[in-house]
Amino acid sequence: MRDIVFLAISGALVLVCSALTAPLHAIGLFGLPQMCVAPFFAVFMAVGVLKVRKPGSATIIAAVSALLSLMMRPASGIMALLTGLIAELIILAIYRDYRRIAAVYAVSIFTPIAMVPVQVLYYTLVLGRNLSTVMSFNLVVAVVLAMTVVLAVGGSLLGVKVGRELIAHGRLR
């Protein structure tokens with residue numbers, strides 16, 4: 001039960017940090033909100049999964065964040081939930097569990113990155129924009145994806161470092 005509560009708190013922290021980027025949705029630039037959320041998502045995902053290390057940890061973090069955001073932006077919440085579930089299934093298919101640190105890095109990096117292609121689905125299915133119009137911004141999509149990768153890797157590195165320090169000092173058990 002303690003693990004689920006910790007993961008739920010991690011998911012809530014992702015949502016709180018994501019709320020800081022909410023005004024970026026008004027700009028309408030493809031993927032900008034997901035790019036800005038990537039380091040926060042990676043940090044809290046890394047800390048949560050590093051502490052719990054059980055299958056389903058990443059999905060719980062994404063689900064709590066998604067369920068809370070469903071009230072504000074239903075489509076974003078559904079997309080975040082699907083992204084977290086798919087990312088965890090892929091990582092668990094590769095690593096089987098989170099005992100290895102590589103699996104923790106992989107899930108905390110891959111989840112925010114996977115939100116960019118999901119954003120393409122959001123723009124086409126929910127906002128009704130033509131896929132060719134969304135993808136015609138090849139340079140924008142490439143820059144957003146590259147920056148999302150950089151920010152997710154940085155957030156994951158920071159999250160694992162913070163998580164290891166907290167575990168070493170007895171703050172996370």
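## Basis of the model

Contact here means heavy atoms within 4.5 Å. The structure is a predicted model, in which local features need pLDDT of at least 70 and side-chain atom pairs count only at pLDDT 80 or more, while totals for chains, interfaces and linings use all residues. Residues are numbered from 1 along each chain as its sequence is written, and side-chain values use heavy atoms, with hydrogens and water left out.

## Fold and dimensions

The protein has eight helices and zero strands; helices (H or I, at least four residues) and strands (E, at least two) are DSSP runs numbered from the N terminus. Along the sequence the pattern is α-α-α-α-α-α-α-α.

The radius of gyration, taken over C-alpha atoms, is compared with a globule rule of 2.2 Å times the number of residues to the power 0.38. For 173 residues a compact globule would have a value near 16 Å, and the protein agrees because its radius of gyration is 16 Å. Its C-alpha atoms fill a box of roughly 50 × 30 × 30 Å along the principal axes.

## Surface and burial

The accessible surface comes to about 8,800 Å², and carbon and sulfur atoms hold 74% of that area. Accessible areas come from the Shrake-Rupley method with a 1.4 Å probe, and for residues only the protein chains shown count as cover.

Of the 173 residues, 46% are buried; buried means under 20% relative accessible area, exposed over 50%, and partly exposed in between (1.4 Å probe, protein chains only). Among contacts with a separation of 6 or more, 74% join residues 24 or more positions apart.

## Nonpolar cores

A nonpolar core is a set of buried Ala, Val, Leu, Ile, Met, Phe, Trp, Tyr and Cys residues joined through side-chain atoms within 4.5 Å. The largest has 25 residues, and those with the most contacts inside it are Phe41, Met45, Val49, Tyr98, Val104 and Val107. At least two residues of this core come from each of helix 1 (2–19), helix 3 (32–52), helix 4 (57–70), helix 5 (74–95) and helix 6 (101–126). Helix 3 gives the largest share, nine residues. A second, separate core of 12 residues includes Met79, Val116, Val141 and Val144.

Leaving out residues up to four places away in sequence, Tyr98 touches several residues, among them Val49, Pro55, Ile91, Val104 and Val107. Its partners also include Arg53, Lys54 and Glu88.

Threonine 83 lies in helix 5 and counts as buried because its relative accessibility is 2%. Not counting residues up to four places away in sequence, Thr83 touches Thr111, Ala114, Met115 and Val118. Thr83 and Val116 are 33 residues apart in sequence, with their C-alpha atoms 9.6 Å apart.

Valine 118 is in helix 6 and is buried at 16% relative accessibility. Under the sequence exclusion of up to four places, Val118 touches Met79 and Thr83. Val118 and Ile78 are 40 residues apart in sequence and 10 Å apart between C-alpha atoms. Serine 156, in helix 8 (residues 138–168), is buried at 0% relative accessibility. With neighbours within four places set aside, Ser156 is in contact with Ala42, Ala46, Tyr105, Ser108 and Ile109.

## Aromatic rings

The charged end of Lys51 sits over the ring of Phe6, 5.3 Å from its centre. This term requires NZ of Lys or CZ of Arg within 6 Å of the ring centre and within 35 degrees of the ring normal.
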